[in-house]
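Me: I am new to this structure and would like to learn how to read its features. Please show it first.

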Amino acid sequence: MGEPRKPPKRGSDLYTPEQRLRRDSTIWTMVQGVLAPLQFLAFALSLVFVINFLANGTGYSAAVISILIKTLFLLTIMVTGAIWEKVVFGRYLFAPAFFWEDVVSMLVIFLHVAYVVSWLFDLQAPREQMWLAIAAYSVYIVNAAQFLLKLRAARVGSTRGDAELGSEFAVEVSR
């Protein structure tokens, strides 16, 4: 009982056995799993509207509405993601396993909010606002790729040794 806990043996795993159990048992994992593809769909549709406006000068209102919807999805997934991170890792943001994803997420949020502020206060011409949205979307693509790679790494790590991790965790819990 007095011995310090040892870190997992395989360094490529994102989760300790305890974190994996928390991840798999919290509703916030499912919430993230639902919101992420919905946000991507909102992004893809919005990108079409934004590119249409930039290319043809038409559809400004549709582009604005789509960017606002995408931003709402982003903010929702960030709040619920922070809750998920707190449940799984014990901190709301910047847990070591997702540090760089969270850093880039902050830039994504900053750019989306900058767009909304620019639109609300008419700080830029519509065309420049759309280019700001393109910048936000470009960083969002990088961030989405980060999370997809992390998800893939987590799946590879969990399929490589679930039985081994399960027995390690059982031994740890029985102490």
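Me: Which side chain of opposite charge is nearest to Asp 102, and how far away is it?

Reply: This is a predicted model, where local features need pLDDT of at least 70, side-chain atom pairs count only at pLDDT 80 or more, and totals for chains, interfaces and linings use all residues. Residues are numbered from 1 along each chain as its sequence is written, and side-chain values use heavy atoms, leaving out hydrogens and water. Lys and Arg count as positive, Asp and Glu as negative, while His and the chain ends are not counted. A salt bridge is a side-chain nitrogen of Lys or Arg within 4 Å of a carboxyl oxygen of Asp or Glu. Buried means under 20% relative accessible area, exposed over 50%, and partly exposed in between (1.4 Å probe, protein chains only). Asp 102 is buried without a salt bridge, and the nearest side chain of opposite charge is Arg 91, 7.7 Å away.

Me: What does Asp 102 touch, not counting residues up to four places away in sequence?

Reply: Contact means heavy atoms within 4.5 Å. With that limit on sequence, Asp 102 touches Glu 85, Leu 93, Phe 94, Ala 95 and Phe 147.

Me: Which residues of the largest nonpolar core touch the most other members?

Reply: A nonpolar core is a set of buried Ala, Val, Leu, Ile, Met, Phe, Trp, Tyr and Cys residues joined through side-chain atoms within 4.5 Å. Here the largest has 24 residues, and Val 50, Leu 54, Ile 67, Val 108, Tyr 115 and Met 130 touch the most other members. A second, separate core has nine residues, including Leu 14 and Phe 89.

Me: Is Met 30 buried or exposed?

Reply: Met 30 is exposed, at a relative accessible area of 53%.
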